[in-house]
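Please find below a short note on the structure.

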Amino acid sequence: MTKVESFWAVNPIEPSKRSSFLLNYLRSAIEAGDKGRVYLALEVALQSEGTETVACLCEMLLVREHDRHQELVRELQLMAEPSAVPYLVKALNSNLAHMVEYNGSGSGVVAKWFSHALFDIGTPEAIEALKALSAHSDTEVRDEMAYRLTKLEGSN
């Protein structure tokens, strides 16, 4: 049985309410300082499927107190879900210092996760987000977004 199946077997929540349950579970685990439960909530969200998954991943991306932002961004990139764009922008702008700190790399590395996600989503809103972020106050973020825009221009 997978982690996801086991989690929902222990927590029999109807599918339409799973997203909000997982978010509350994550917040409760963070408040309790229970890293195992934090990890489990994120793992279940990352392995889940269905219409509620995108909303859950987006909300989890905005939660600062964990270290799985890169995986969340990558999953949203693979889903290429347009509704993720404002969350990606907000997460980059509000959690950049935290992500740089736990990642141990510069802000350009973190910006690369987001630029790839926005590029792959590719909607006009995602392209506008890339353009707006190319004027970011952080030089490395600005440079990464400008670089990704050149790749977009080269693919047209």
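1. Of the 156 residues in the chain, 42% are buried (under 20% relative accessible area, with exposed meaning over 50% and partly exposed in between; 1.4 Å probe, protein chains only).

2. The model is predicted: local features need pLDDT of at least 70 and side-chain atom pairs pLDDT 80 or more, while totals for chains, interfaces and linings use all residues. Residues are numbered from 1 along each chain, and side-chain values use heavy atoms, without hydrogens and water. The mean pLDDT (the predictor's confidence in each residue, from 0 to 100) of the chain is 92, and 98% of the residues score at least 70.

3. The chain contains nine helices and zero strands (DSSP runs: H or I of at least four residues for helices, E of at least two for strands, numbered from the N terminus). Helix α8 (residues 124–133) has the highest mean pLDDT of the elements, 97.

4. Ala126, Ile127, Ala129, Leu130 and Leu133 of α8 are buried. They lie on the same side of α8, because they cover an arc of only 155° around the axis (from the directions from the helix axis to the C-beta atoms). Pro124, Glu125 and Ala132, on the other side of α8, are exposed.

5. In α7, Ser115, Leu118, Phe119 and Ile121 meet Ala126, Ala129, Leu130 and Leu133 of α8 (contact: heavy atoms within 4.5 Å).
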